[in-house]
Amino acid sequence: MIQDLMAGLDEAQAAFRTEIRALLSQERVRESAARIAAYPPDTEAAHLDVRRWLGAEGLLAPAWPAQYGGRGLGAAEAALVTEELTRAGIPDDVQVLSIDIVGMMLLHEGTETQRKTHLPPLAAGEQIATVLFTEPECGSDLSALRTRAEPDGDGWRLYGSKVYNMKSRYGEFAVCAARTTASPVPMHGITLFLLPLRSPGVHVEPVPSLGNDTFNLVVIDGVRLTEADVVGQVDDGWRLMNELLQLERTGVDFHAKARRLLDLVLDRAAATGRLSDPAYAVPLAELDAKLHAAHALAWQQVARLDAGSPDPVRSAMAKWYASEQARPVLDAGLDLYGLDAALTAWDGHAPDGGLLEAGYRMGPSHRLASGTSEVMLYLIATNGLGLL
Ligand SMILES: Cc1cc2nc3c(=O)[nH]c(=O)nc-3n(C[C@H](O)[C@H](O)[C@H](O)COP(=O)(O)OP(=O)(O)OC[C@H]3O[C@@H](n4cnc5c(N)ncnc54)[C@H](O)[C@@H]3O)c2cc1C
């Protein structure tokens, strides 16, 4: 199976890609992509429109069974959705958070009631789910998290702060990690809860970021939750978080973003005759080859997910390698466009609608989101190579 996916898409997968490409090439989607690129003020509305259009066609969550709004297909089709959204200029954040991470986790670990309640609206693009792990004092080392669930009758009350999360202002609920049981072992006693984001006791405020989208600070002040809101088992959150990170760390999304930018650069280089200069063309060809390698690594992880055998070390390699390509791609863009690459989407003279400028602002986050490059190298060195 892994070899099949590495060799390319099969006929059904290729047909699925054709279907989603056709929808994403519609005029209404192109208009939405332009509204998103011209941020502000229309980003969220335009973004959600596209999600509803895709959802109505059953294209958002192809890997889920039909009764939850999917098509009963596999991880390859799910990866194709992320790739094609990015290719069409529609940000993939909501897709990754709502479908690839939260939705997939509920599919595997949720109760039937949780699945029936939450999966269909996510698959239809009607709702957004987010992830609340990172805290002001802990990100890479989530075992240090301080958000606590205090016992309250037959449930708990949650108290704590979560930061650098995306889309929480627009989401209906989040998967939130909190400490249920005190333990001398920091990884023990963590539980994952489904936290309703629009309940009293949840305060969400934007935190500025370099990118077009802001982060959020979510302050949780005594929200009451019960057993029905627990994902999996109480105190089993550490295992689930590590499982969930495998869903997130295929490298598919980071590769897709770098590929979109490199394709722009290659097209412009070809159109301006720069490719006839070997001194210029050879480094670009090398970069192109590296992105093909990143794609192959990412799809190897997709195949592992499909086979039900994700590999944390290989995922770390794929995520690290794909996310490290953003910078050389952006440098190649700067080299080609010169200072025009710094013109924003608001400037009518910006090449390619300011995509490179936006890419420059987002580029550094590739090395941070979903686990930093240093942490990926640490995982490879320790768990993979046994070096430490
Ligand atoms: C675009 C984006 C989207 C995000 N979305 C979400 C989201 O939806 N939900 C959510 O909960 N979080 C989200 N995050 C937060 C992200 O998960 C954290 O930023 C990340 O885990 C790093 O944590 P930190 O920011 O606390 O940095 P720290 O962990 O404090 O790290 C600071 C620096 O120290 C280095 N470092 C840390 N530990 C080690 C080590 N053991 N060895 C070597 N170096 C180390 C890191 O590499 C980094 O350079 C997002 C971040 C970004 C950039």
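## Residues around the ligand

A residue counts as near a molecule or strand if its C-beta atom, placed from the backbone, lies within 6 Å of it. This is a predicted model, in which local features need pLDDT of at least 70 and side-chain atom pairs count only at pLDDT 80 or more, while totals for chains, interfaces and linings use all residues. Residues are numbered from 1 along each chain as its sequence is written.

The ligand has 19 residues around it, and T134, G139, S140, T372 and E374 come nearest. Two or more residues of this shell come from each of β1 (129-132), β3 (155-165) and α14 (373-384). Helices (H or I, at least four residues) and strands (E, at least two) are DSSP runs, numbered from the N terminus.

The shell has 10 nonpolar, eight polar and one charged residues. Here Ala, Val, Leu, Ile, Met, Phe, Trp, Tyr, Cys and Pro count as nonpolar, Asp, Glu, Lys and Arg as charged, and the others, Gly among them, as polar.

## Domains

The domain assignment gives domain 1 (2-127), domain 2 (131-236) and domain 3 (249-384). Such bounds come from an automatic or database domain assignment. The contact between domains 2 and 3 takes four residues from domain 2 and seven residues from domain 3, where contact means C-beta atoms, placed from the backbone, within 7 Å.

Why does the ligand lie between domain 2 and domain 3? Both domains give residues to the shell around the ligand, so it lies between them.

## Residue Y378

Y378 lies in helix α14.

Terms used:
Two residues are in contact if their C-beta atoms, placed from the backbone, lie within 7 Å.
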